[in-house]
Amino acid sequence: MGTRGSTRDYYTWTSVPQTENSDRNKRVFKFRNIDVIVYATVIIFGIGSWVDINGLWVELPAMITEGLPEGWKLPSYLSIIIQIANIGPLIVTLCNVFAPGKLNNNGVIYCILGIGSLACLFLAFFWKTTAYVAGEERSIVLLILQFFLALVDCTTSVVFLPFMTLFKSDYMTAYFIGEGMSGMIPSLVALGQGSGSVSCVNVSSTNATTNITTYNVYPQSNPPNFPVRDFFVFLFAMVFFSGIAFTLLKYCSYYEEEYAVENDDEEASEDSRCHSYELSNGEHSGSVTFSDPTTIGQSQSALVNENRKHQTAVTLSKTQDSIRVEKIAEHSISKLRYAYFLILTAFLNSLTNSVLPSIQTFSCMPYGISVYHLTAVLYNIANPVACFIVLVYSSTSCVVISFLSFLGSLAAAIILYTAAASPSPLLVGTKSGEVLIVIVWVLGGLLLTYSKVTIATVFRQYGTRALMWIGVMQQVGSFFGAILFYLIINVWVLFKSAPYCPV
């Protein structure tokens, strides 16, 4: 308060308390820039993206051997149903494009995880239920529930990825590790179950007329170590735990400390460490911030100096604008490169999600059943391993990503050749051929997965909308790859299967 002649002016000072770092912000489980607990929770969340559909696929041999009416035609039916289920991500994308901000992403995630867990639980008890449709017996419950599982998993591509923009970019690899483990974990469980395990049995038959004995080798399915019901209960538990992980990531204060901090929030955080004082004095009212409270008394005379205050404000404004421009320039990307990465994402996902899985039996079976099973397991393991490599080293160079994508595509081309040459591809019947086909499959999985995860990591810095388009292009690539190879395999019949038990 001060006196100026007969006029008495009142100055009101308002102090904003200084924000101090508390002990609760200290992290015990820290590795580099990530919190191990948060990282593991994101992995569990990512597992829920495709675990139910991947689990259904690896369980098909055990289900078919128990007498489903469709037999080995069932996988082709499921492929078409999965593509029909792309209506889910289509609806979400249209809502985000034409009504941005209106769709509750958190509500959609809870909805699809709830549908997925219930569908798995119903499958555990009703998967063998059949009904006559159009005069033929069909696995009607399995097909209907499989549609809901596909609807859930296809939609995760356009809602899970945008949710991950809430966290620091270091946690993007955790999500893709979880997505990769959604195929690896069911495969390992099915391997322990013995799903699809086949033994070659030598059967002899004697002609009573000629008294000649002939010997033939036939495949015989081995009984599973635990029933199909238990497998689907396991899938239910995995999706349920994914929902719990999402709840923790969204609403637990411990996880909020790992949220991404935008530029404006960082500046506000820096300012919050200082003391703010507001001066009220008619038309000369204003505010000033002191980094040291002991300077308050020394600086009161400066508060009424309008010119100095204005000059300081202008300087600060220019400094903040220049910093903001520099940050925008640093993270800028050309429209051409943006479109190129989206197209490349569609191509890579068409290979990893549709093309290679659909021709795996044609490519590997000529080298033996053991090679086929080993390749299936190692290929699924290669997916999360590639994501761990991205965590250690992630290149944002367009040249590097393109080169690695080319090498992965080259491996896919070799795999495609072995499938087209089935049942007699190069080096069939040799140990070197068995080793090489496994190596090509594993390297192809590593390179293709590394490339697509790196692209998603690059797009992480451009926000929710960019990752939404990454999810859309993943589904677009998977859709066209699945349709094309469904026609090649089932309609045009361009591939020939090798026998389970070679003579």
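In the predicted model, N349 is in contact with S354, K452, Q474 and S478, when its neighbours within four places in sequence are left aside. N349 is found in helix α13, which covers residues 335-364. The relative accessible area of N349 is 2%. This residue therefore counts as buried, since the cut-off for that class is under 20%.

Apart from neighbours within four places in sequence, P162 is in contact with T464, L467 and M468.

N380 belongs to helix α14, which covers residues 369-392. A polar atom of the N380 side chain lies 3.1 Å from the backbone oxygen of A376. With neighbours within four places in sequence set aside, the contacts of N380 are with G180, G183, M184 and S187.

Packing between helices was examined for one pair. Two packed helices are described by the angle between their axes and the distance between the axes. For helix α15 (residues 398-420) and helix α16 (residues 431-460), the angle is about 145 degrees and the axes are 8 Å apart. The crossing of α15 and α16 is left-handed. On the α15 side, the contact is made by I401, L404, S405, L407, G408, S409, A411, I414, I415 and T418. On the α16 side, the residues are I437, V440, W441, G444, L447, L448, Y450, S451, T454 and I455. By class, the contact of α15 with α16 has 13 nonpolar and 7 polar residues, and no charged residues.

The remaining values concern the protein chain as a whole. The chain has 503 residues, of which 42% count as buried. It contains 17 helices and 10 strands. Among contacts in the chain with a separation of 6 or more, 79% are between residues 24 or more positions apart. The accessible surface of the protein chain comes to about 26,000 Å². Carbon and sulfur atoms account for 63% of that surface.

Notes:
Residues are numbered from 1 along each chain as its sequence is written. This is a predicted model: local features need pLDDT of at least 70, side-chain atom pairs count only at pLDDT 80 or more; totals for chains, interfaces and linings use all residues. Side-chain values use heavy atoms; hydrogens and water are left out. Helices (H or I, at least four residues) and strands (E, at least two) are DSSP runs, numbered from the N terminus. Buried means under 20% relative accessible area, exposed over 50%, partly exposed in between (1.4 Å probe, protein chains only). Contact means heavy atoms within 4.5 Å. Accessible areas come from the Shrake-Rupley method with a 1.4 Å probe; for residues, only the protein chains shown count as cover. A polar contact is a pair of N or O atoms within 3.5 Å; within protein, one must be able to donate a hydrogen and the other to accept it, and residues adjacent in sequence count only if both atoms are side-chain atoms. Axes are lines fitted to C-alpha atoms, for helices over the stretch in contact, and angles run from 0 to 180 degrees between N-to-C directions. A crossing is left-handed if the near helix is turned anticlockwise from the far one by less than a right angle, and right-handed if clockwise. Ala, Val, Leu, Ile, Met, Phe, Trp, Tyr, Cys and Pro count as nonpolar, Asp, Glu, Lys and Arg as charged, and the others, Gly among them, as polar.
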